[in-house]
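Dear colleague,

Please find below the structure that I am handing over to you. My findings follow directly after it.

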Amino acid sequence: MTRVTLRALLSHWWRNPMQLFTLLAGLALATALWSGVQAVNAEARASYDAAAATLGEGQYDRLIRRDGQPMDQATYIALRRAGWLVSPVVQGRYNGVRIVGVDPLTAPGGIGPIELQDGTDIGSFFTGQGQLFANADTAADLPDLTVVVSPNTAPGTAVTDIGVAQRLLGKDNQIDSLLVLPRQPKTQAALDAVVPQLTRQQAQAGSDIGRLTDSFHLNLTAFGLLSFAVGIFIVHGAIGLAFEQRRPVVRTLRALGLPLRRLVLLMGAELMLFALVAGIVGVALGYVIAALLLPDVAATLRGLYGADVSGTLQLRPVWWLSGLAIALGGTALAASGALYKLSKMPLLAAAQPRALAMAAGQSARLQGIGAALLLTLSVTLMFTANGLIGGFGLLASLLIGAALALPLILDRILAAASAMARSVKAQWFWADTRQQLPGLSLALMALLLAMAANVGVSTMVSSFRLTFVDFLDQRLASELYVRTEDATQGAALIDFATPRVDAILPIQNADVQIAGQPTEVYGTRDHSTYRDNWVFLQSTPTPWDTTFAGQTILINEQLSRRAGLNVGDVIPLQGQDFTIAGVYGDYGNPIGQAVIGEDIFATLYPGIAPENFGIRINPDDVPTFLSELEAATGIAATQSINQAGIKAISLSIFERTFTVTTALNILTLAVAGFAILMSLLTLASMRIPQLAPAWAMGMTRSQIGKLELLRAVLLAVLTAMIALPLGLALAWALLAVVNVAAFGWQLPMYLFPADYARLGLFALLAAALAALWPARRLARTPPADLLKVFSNER
Amino acid sequence: MLLHAENIHKTYTTADGPFEVLRGVDLTLGGGETLALTGESGSGKSTLLHLIGGLDTPDTGVIRLNGTDMAGLDDSGRAALRRGTVGVVFQQFNLIPSLKVADNIAFQARLADQHDAAWAETLAERMGLTPHLNKYPEQLSGGQQQRVAIARTLAPKPRLVLADEPTGNLDESTAATVMDLMLELVSASGAGLLMVTHSEALAARLSRRLHLKAGQIA
Amino acid sequence: MNAKALILCLLPLTATAQGFAGLGTELEGFAVPQPDPVFDFPTDHGPHNDYRIEWWYLTANLQGPDGTPYGLQWTLFRSAMAPEEREDWKSPQLWMGHAAVTTPDHHYVSERLARGGVGQAGVIADPFAAWIDDWTLQGDWETLQMTASAPDFAYEMTLTAEGPLVFHGDDGYSVKSAAGQASYYYSQPFFRIAGTLQLPQGDIPVTGNAWLDREWSSQPLADNQTGWDWFSLSFDDGNKLMGFRLQQTDGNNYTSATWITADGQTTAYPDGALSATPLDTHNTAGRDVPVRWQVQLPAKDVNVTVEAINPDAWMATSIPYWEGPVTVTGSHAGEGYLEMTGYE
């Protein structure tokens, strides 16, 4: 029974290869989209994790020398003998590879990413020639050393024993930093008494790079979530249609005596087989997508944040398994619904036509209620969500609610249009379009989600870019940044530079606590560099005038949010009160910051002399200036940072970010377009009986074909009109809710109408392209087929 | 007794409220006997046929097929009955469009694990389908398709054949040919036949006849 | 790989797959204990880098002001990857410190790991000092100062010797198997100890008796030996008994014992003279461990029951084992320490 049934079921696909292709291709594309984004994400994350695990970055407090120089090994031993559980780290470059030396016996969590494997020779690791752990790319850069390939080591990094690292780097007896273990013994000497030359860096300090990369990741994750939603809709649509097409056969099989249970099982098994095949194809496709995207993502992250991401893709089980899981899970989810409906479907449909119609009406009502509930929830969350879960809940409820509401909204619009239509032809067109809606609604939902995701993500990324460019202008306004070693060198710099440059801007700061928040207060010189470039989130009309006059203070957003301080509030510093005149965006900075005038700073903190300087100078004169500076004052070029160069690199990297975003945008649209194509093709064969009367009433086949095309474009336009506000709401949720929850700062939202118009055009194009073929097929339907409709009628 | 139906009631829910299609129908049929069920549209004759074929269940009443009370059967039990004991010929043929004629003819017998190649061949030959065995249903005329459907129904050698206006979709001369063949083969196989028809002429060719009116035997 | 996993695979003491059975590994150029040893003090209190494994192992039975019994452990293990010492990080010597305090209800454990060659851990014979990080045991063996500290406990103790060193086996040559595996083994079992325990509930002044073991070898166990049960018992009549039972894969045991009189006279007993039989097991850290024993040495009319004061004295360290204070009842009354390995 099983064999003959399977043969009957499968024969359907051999006879209708196009349907099989659309089902498999739909599943494969959805899987590819999901797994492609996941692959990029997983790869980047794995790189970070490796880096974090290697260095304990951000996880542990560190002890370093106040002057930033390496410390003597004896300092380490003295601390251990005084009861401090610290572990030494030495770092440096060798053949361009970052070598990290650790002592595995004292390191917290051991030596990070290194796996114990057959190639590990403990004796050699500790005492012999030395053994390094690095990923395959990095290993290739270290041909003369014994390198164990360990895929989980951070890119561009080799981890080895501290003794080996010291020897390789020529740092015998030297240690760069000490990791402080979180649990320390009951009795230990005071740190200052043992090592007064060391300073303790809190785990969080210096991790702003991590926070920015996290932000970028969140964006990618959001994109992954959206692509997942689109994918699930497509899978659902593909399965639903496949079942719809086979309804009559299912009835026949049951009438001929096939038990329902067996039928459901066999159809489920058949689908799972397809899902597996399509999933494998999809994962392979996703791999290709990711491999194409990854170099750009890697470059973006490396350049922008200085975080190393491997440029080559590894087949990580995390994502290819998740890709297969999406294909199988999505299919199972969609199929379980379809199979349930099938099992509830009466054997004799004709016997209860009314009951079925009523059930359909009921499901539309349920869908409406679901949409209303979800949209209400999302509105509530917009005002109340203040955590990551709330933020993602908002995204999910907004997206799903809108998708569920779409067919109902479109139905209302079409009903209204139909009521307003004057000519018979127009009336027929609107009514017929409305009739098509249920069959197309899943594809349209996919289009809605794809477009909304595109609008949302591109708004977010573009806003991110604009904000960041402003921020770079604000923070890297000076062409040159010079760090002097002491006040004497600082004075020499001022003497030398004053006649040669446009302006010298001393940078000086004091560490204070404002409203319990660790804050750096800067004393800033009155200069157009600040007045022209700094952007305030809120301010008095003349924030700089009063601040440079020593009356007011400017604070960053982080301090404002954490301490609940706003313009007009008063902050005491060294016994003097300052009114807040402005709050400025300070992206990526984990701690509070405040700005007061240079003169008042000197009065309040007489002990602090500026050692760092921003220098305004014609960028072309920078090289000459630097060489003359070194000759005259001994300030080395290595003490300077060419900020104009940094800015240029950062901006070029943003362009790469866009390449990634654009590629993902096009991909999502392509998938949505495919969903439309699939739905239209499926509908086309069922359409003939509906179109035949129109033909009989005197419309030509080519007219009918054109109307079909018009109908698809029209539905896409309507969907796009709904997608735009949805996408903007999505962007807002990402920028104002999710980002704040994740990082403590809000990104301002900018609108990009031209981008949206282009996106809309793409969407229409996708819809039109998808509709073209089915429409042509309809236009070329042989008259005999149309006639058959009538001859078959009773 | 091959078929015994007693006091059958069936009510459907419609937009205008409940509608009682069958109101206490009794019916019996012996092996080899042929019975025509006539009546106007909506008189309940198709419903009665579906209940007997196990495609639906009555609200009250007893249907016994070959001594088995159908009320005691679940979906798979009724499916088993449909596979082997009862064969249904539908008005719309209900062939499997993706299978060739030969496979369509053999399908139900294979499903019931009662495939007899020689018998299937005989059926195809008698039905004049031998030249078409490698075609797909859509390549056949309506009359040919119905002959495939009849052959499929008879292939597992059912004890009872149910036919629901089997020639309703065919033109008159085709209908006559198909009907001749069906009656001949049913009688050759020794099965009972219960046929729903609104044709007086057809009804007259069967051994007995029942007329349904408003859900009751008139 | 975390540090612990690393340790597990690198300390010969703990070769991963074999656990304590790893002590029976190949020699690879390490020196081997020879019969008829001649010890040279204070040099022999220091490390013997050409032997694979060595320890300075102190256990103490203590009493608080209210009579509550406590146990204390301070141990420094040396484990060599090669039979030599080299400078700086190249040193093949690895050090592991274990400190523990046992109360009737709690067992506090801490572990430290260190490399030789850089000064973080080591032992100097004269003037004697053994240390790992801030944990130290130093003095002239008449008086020793001892400290250890961990996140949840710490102690500072003073030890005073009230008797001579005693040598086990054949003048300090202690045979461990029928195949002839052996170690150098001597003890100072006559320490008076006093000091302060810092526990979460507060500081507790304590006094009592301590027993310091010195042992080194390169292959102390035979291939078929998987662990040991070791007893150091101090009887109220002033006599002491050291005895151990080595577990073999064939189900048999190899036993050895030293009878120590109050003035330090020793009698060594060969395999079979001592018997130790588990009477009761306790499930701790997922293992069944014997925490009540019948120990018999018929030659001295010893037939006692040894019972753990805290049956959960499990050392959850890189190489886990059981080590805790015990009470002794039966033919002789007293107190002591019990160590059980090979119950992984």
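In chain C, the loop between β5 (121–124) and β6 (128–132) contains C:Pro127; helices (H or I, at least four residues) and strands (E, at least two) are DSSP runs, numbered from the N terminus. The peptide bond between C:Asp126 and C:Pro127 is cis, with omega about -5 degrees. A further cis bond leads from C:Phe41 to C:Pro42, where omega is near 10 degrees. C:Pro42 is placed in the loop between α1 (3–10) and β1 (53–63) of chain C.

Please note that this is a predicted model, in which local features need pLDDT of at least 70 and side-chain atom pairs count only at pLDDT 80 or more, while totals for chains, interfaces and linings use all residues. Residues are numbered from 1 along each chain as its sequence is written, and chains are lettered from A and ligands numbered from 1 in the order in which they are written.

Most peptide bonds are trans, and most residues other than glycine have a negative phi. A:Gln574, which is not a glycine, has a positive phi of about 50 degrees and lies in the loop between β16 (570–573) and β17 (576–584) of chain A. B:Ala214 also has a positive phi, near 50 degrees, and is found in the loop between β9 (208–213) and β10 (216–217) of chain B.

As to burial, a residue is buried if 20 or more other C-beta atoms lie within 10 Å of its own, exposed if 12 or fewer, and partly exposed in between, with C-beta atoms placed from the backbone. A:Gln574 counts as exposed because it has 12 C-beta neighbours inside 10 Å, whereas B:Ala214, with 14, counts as partly exposed.

Chain A has 794 residues, of which 44% count as buried, and it holds 23 helices and 20 strands. Of its contacts (C-beta atoms, placed from the backbone, within 7 Å) with a separation of 6 or more, 82% are between residues 24 or more positions apart.

Within chain A, helix α3 (residues 73–81) has A:Gln73, A:Thr75, A:Tyr76, A:Leu79 and A:Arg80 as its buried residues. These lie on the same side of α3(A), because they cover an arc of only 155 degrees around the axis, the arc being that of the directions from the helix axis to the C-beta atoms. They pack against β2 (71–72), β3 (86–94), β8 (174–175), β9 (177–180) and α7 (191–194) of chain A. After α3(A) comes A:Gly83, with a positive phi near 95 degrees.

Yours sincerely

Technical notes
Two residues are in contact if their C-beta atoms, placed from the backbone, lie within 7 Å.
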